Amino acid sequence: MTISRRKFLVLSGATALTPVLASCGAGSGSGGDLQYWSAFQNQQQQDYFKKERVDAFQGSAKVRLTVKPTDTIDRLTQTALAAGTGPDLVLTAGPAQVAAYAGAGYLLPLEKYSQKYGWDSMLAPWALAASRVDGKLVCLPGGYETMIMIYNPATLEQHGWKVPTNRSEFEAICTEAKAKGLMPVASGNADWRPASEWWVTVALNHSAGPDAVYSALQGQTRWSDPVFADAINLLNGYYQQGWWGGSVDSYFTNTFPNLYTALASGKAVFMITGSWATSEILPYFGAAAGNDATWDWAPLFPLRDGVPAEVWDLGIGATLSINAKSANPDAAAEYLNFLESDPKRQAQGIAEASLQPAPIQLSAADFPQSVDERLVRLYTRLSNAATIGYTTWTFWPQQTDTDLYTNFDKVITGQLSTKDYLAGLDEVFQRELAAKKVPPAPAPSGPAK
């Protein structure tokens, strides 16, 4: 998979698994060629993937790549799997979809292949934990992402500011920036309504803290707990002060191109966003935009005492599984290992086509000399994350996640109180928890190899 989870979800519709009458037809393939369906963000990525990830595979079977429309690939895959056919390698938008497919019997358990290829020592422990359903390994993450802060160094220098490392420093800059007529945090959801969950993700993990979030995801703490109320109230307060997007009203009309332009021009100070933005912002900075603006990134910081200094909110951009009906599962596993295992191949994909890497450890030596130093710094630090947080679009069940961002918009417009927002969220989550629809989540602490 070569597009971020945000792109995948908006383009595919991210529909829940729907009942389709299954046939008793043969599985995918004929024991020869492997069938692989994918979608691409642009032609450059498609061409690169075909050359470096398909044609370069010298395994026991030839891979046949079929490019599906980005707006229908999810539905086409669902229908094919339910009919007992489909590609040998199954692409999904994330753990919630994997759980649905696994529950329907569409996916092959991967434990024997994990032992054969050493995936348990190759992949980050959090990634393996998030790839299991009912204790069985049924997928591997096809790419991963995190939340970061992007800024224009010239803007900070002009106003005498430094990159914030804690809440008080951040709030001081936001207060001063707002007084100067600047947008403290470039944000908006006109182009992508669920974008509100990015900042809820940040508030939950960096204010309530990853331990509290993990406890709630396990059903041990309720989402109505005061620690989560404090986090939502803090974030809502930032909106009310006009720090997020300039004002509540403009937040709902701000588009990503306008926000990237504001960041490049110095009219906005920070952008708290996903790592996918490191490629999306490129047309707005430097020669490509006809200006001399530059950008850089920094990790997010704690918003409450007791939260670790660095928490990396991890999200799975897409997953890959083996079709339970595949006629050639051994070859499919061989190709899956090819896609996931080589650090230099992962780093090259980042450098040359802005592909999301598999969650394996990367070092600076893995990257080609032509790569942007900022990306080397990002992915080497990310692959060594010691404490992880939880992106809502990866670790929340689907209905809870939908309610989370839909109803948060009502909080910032005054239509819903924090108390009622969290009570409603908890009610939906408890139903999905009882129905075993909550994706597996790893513990927050521990070395991520």
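**Buried residues and packed helices**

Reader: In helix 3, which residues are buried?
Author: Helices here are DSSP runs of H or I with at least four residues and strands are runs of E with at least two, both numbered from the N terminus, while buried means under 20% relative accessible area, exposed over 50% and partly exposed in between, with a 1.4 Å probe and protein chains only. This is a predicted model, in which local features need pLDDT of at least 70, side-chain atom pairs count only at pLDDT 80 or more, and totals for chains, interfaces and linings use all residues. Residues are numbered from 1 along each chain as its sequence is written, and side-chain values use heavy atoms, with hydrogens and water left out. Helix 3 is mostly covered, since seven of its 10 residues are buried, and these are I73, D74, T77, Q78, A80, L81 and A82.

Reader: Which residues does T77 contact, leaving aside its neighbours within four places in sequence?
Author: T77 lies in helix 3, which spans residues 73-82, and T77 counts as buried because its relative accessibility is 3%. Contact means heavy atoms within 4.5 Å, and with those sequence neighbours set aside, the partners of T77 are W37, V90, L91 and Y101.

Reader: How many of the residues of helix 18 are buried?
Author: Helix 18 covers residues 373-382, and it is largely enclosed by the rest of the structure because of how many of its residues are buried. The cover over them includes strand 6 (140-151), helix 15 (277-280), strand 9 (296-298), strand 10 (312-322) and helix 17 (343-353). The buried residues are R374, L375, V376, L378, Y379, T380 and L382, which makes seven of the 10.

Reader: At what angle do helix 2 and helix 16 pack?
Author: Axes are lines fitted to C-alpha atoms, for helices over the stretch in contact, and angles run from 0 to 180 degrees between N-to-C directions. F49, E52, R53 and V54 of helix 2 meet Y335, F338 and L339 of helix 16. The axes of helix 2 (residues 43-55) and helix 16 are 10 Å apart, and the packing angle is about 120 degrees.

Reader: Which residues does N337 touch, not counting those up to four places away in sequence?
Author: N337 is found in helix 16, which runs over residues 329-341, and N337 counts as buried because its relative accessibility is 14%. Beyond the excluded neighbours, the residues touched by N337 are Y117 and W119.

Reader: How many disulfides does a search of the whole structure find?
Author: A disulfide is a covalent bond between the sulfur atoms of two cysteines, and the search counts a pair of cysteine sulfur atoms within 2.5 Å. C139 is buried, with a relative accessible area of 2%, and C174 counts as buried at 0% relative accessibility. Over the whole structure, the number of disulfides found is zero.
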